Amino acid sequence: MRKITLIIILFCTAFLNAQEQKYSIKNTSANTKYSDFGVAYFGENIAVFASARKDKSIRKRVWLINNQPYLELYKGTLTDDGDIENVERFSKVLNSKYHESNVTFTKDLKTVYFSRNNYLNKKFKKDSTGMNLIQLYRAQVGEDGEWTNITPMPFNSDNYQTGHPALNDAEDKLYFVSDMPGSIGATDIFVVDILPDGSYGEPKNLGPEVNTPRKEMFPYMDENGILYFSSNGYTDTKGGLDVYATKMGKNDKFLEPQNLGAPINSDSDDFAFVKQKGKNTGHFSSNRKGGKGDDDIYSFVELKPLSFKCVQSISGVTRDKNSGALLPGTLVSLYKGDEKVESVIVGSDATFVFDVDCETPYRIVGTKENYKEDARDVATSDKDGSESSVNLVLEQEEFVTIRGHLMININPIYFELDKYDITKESAIELQRVVDIMKKYPGLVVQIGSHTDSRAPDNYNWILSNKRAVSTMNWLIENGIDKNRIFGGGYGETQLVNECSNGVKCTEEQHQQNRRTEFIIVNPGIIKQ
């Protein structure tokens, strides 16, 4: 009975594993007992790869690190089932007496990027420690059909490595691997713009969304914008280098990389994953047990398309309802149900943006001191990458209690230096006072105009009184009964902080004292 139970368990486990398998793989006949890896496609029917195989046509130089011949570039014919046959050297010009590997071609097959030891024009260069490093080169097809004009990339250096090139589908970005300054780990993936004139921008690190403190290598970008790469720095690694995949989300940040799992990944190094354009087939490399040699090339068939979490964005701007002005400093919070997902305090441009899930209802809430909150509901669609715009308009509270006094809540009333004329900006705020006093016909307001301490006391007293009179006159001219407003200037006699004569303060601290206040004399009228 126990044996039958065990058989059933094993059968069910095997069945479940088969159900979850997303790839089928096969070792190719191009492999030798040496290192063979890193396929790139030269058109539809030719595979180019690196190999340390012995070849009578080249010098029998041996790399002391692994006691194998130096890597050279080879090519072979692709069969319908992904095998690589009729292998021969790829180019006498590109191959040198040192390492060449990892190539990528432009679609017209006229430009190639490839990795090689720091060796060009018979010059073998070393870094400051005496090591010869791997560098990235470009070559172009000449009139005779052979590769020519081999040039190092402008961001190369004798003191750090560059290699593993990969072009995006538009061929305006080149991804590569380096340990250049600014790297997060041992080796990182970088990207550089290929400009319309053929020059290059500044390399940019893909950041911690992709790179870890350990090794990221062998990038490949497919025509759908999915970035495949290998890493030994993630916690879910199967062992050694594993192949991962990610794609660009909003805010120019990559989504969380996902491990491709078995059988692509094993307990050994798995790397150099590439796909044939428009097909569900491709190749990768591995030094797993059961291979023919050191590193082997495997073909694969993708049984289930790779899928990513559907992501969209919700963006917007916060404004003052009364003036329509931008409202920096607003706290904008994203809710999914009762759960607060994320919050941000908007900057000077008053904008916000959230990455959100597809087909999910959200609530965006804006709050700011002395303002009524504004909340908007938005339900995302089922389309990956879609953008929703939700603007928040916050209305100021009509009244606010400050230092024990109930006051009309308005933004500061500004006057030009040494003047008491009502400015255009101040008129907007004073109109709010008019509107509130008309809303509450019995409301009586005491106006108080104040200055900071940075002028003679008597001067400040006179100036503040003139400003108070100007303010009262403006309100009367705009429909407020003169019997409902009174007040005057207080100069620097009622400072709200410690910035008195001789005290060193910031401009912001002095501004707190330069204010015009509208104190409610009869607050009970508001409740009537």
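## Rings, sulfurs and a sheet

Let's start with a group of rings: Tyr 23, Tyr 220, Tyr 228, Phe 273 and Phe 300 make up one aromatic cluster. Before going on, keep in mind that this is a predicted model, where local features need pLDDT of at least 70 and side-chain atom pairs count only at pLDDT 80 or more, while totals for chains, interfaces and linings use all residues. Residues are numbered from 1 along each chain as its sequence is written, and side-chain values use heavy atoms, with hydrogens and water left out.

What makes two rings a pair? Rings of Phe, Tyr and Trp (its six-membered ring) pair if their centres lie within 6.5 Å; planes under 30 degrees apart count as stacked, over 60 as edge-to-face, and the rest as tilted. Going by that rule, there are 27 aromatic pairs. Take Phe 273 and Phe 300: their ring centres are 4.6 Å apart and their planes sit at 15°, so this pair is stacked. Phe 273 belongs to strand β22 (residues 270–275) and Phe 300 to strand β24 (residues 296–302), so the pair ties together parts that are 27 residues apart in sequence. Strands here are DSSP runs (E, at least two residues), and helices are too (H or I, at least four), numbered from the N terminus. Both Phe 273 and Phe 300 are buried, where buried means under 20% relative accessible area, exposed means over 50%, and partly exposed is in between (1.4 Å probe, protein chains only).

Another stacked pair is Phe 284 with Tyr 298, at 5.4 Å centre to centre and with 20° between the planes. Phe 284 sits in strand β23 (residues 281–286) and Tyr 298 in strand β24, so this pair links parts that are 14 residues apart in sequence. Phe 284 has 0% relative accessibility, so it counts as buried; Tyr 298, at 6%, counts as buried as well.

For a charge to sit over a ring, NZ of Lys or CZ of Arg has to be within 6 Å of the ring centre and within 35 degrees of the ring normal. Elsewhere, the charged end of Arg 116 sits over the ring of Tyr 137, 5.6 Å from its centre.

Now for the sulfurs. How many disulfides does the structure hold? There are two, a disulfide being a pair of cysteine sulfur atoms within 2.5 Å. In one of them, Cys 310 and Cys 358 have their sulfur atoms 1.8 Å apart. Cys 310 lies in the loop between β24 and β25 (311–320), and Cys 358 in the loop between β28 (351–357) and β29, so the pair ties together parts 48 residues apart in sequence. Cys 310 is partly exposed, with a relative accessible area of 21%, whereas Cys 358 is buried at 11%. The other disulfide joins Cys 499 and Cys 505, with sulfur atoms 2.1 Å apart, and its link is left-handed, with -105° about the S-S bond.

Finally, have a look at the sheet that includes β29. Four strands form an open sheet in the order β27-β26-β29-β31, with antiparallel pairing; two strands pair if DSSP finds at least two bridges between them. The edge strands, β27 (339–345) and β31 (374–379), each pair on one side only. Five bridges join β26 (residues 331–336) to β29 (residues 361–367), and Leu 331 has Thr 367 as its bridge partner in β29.
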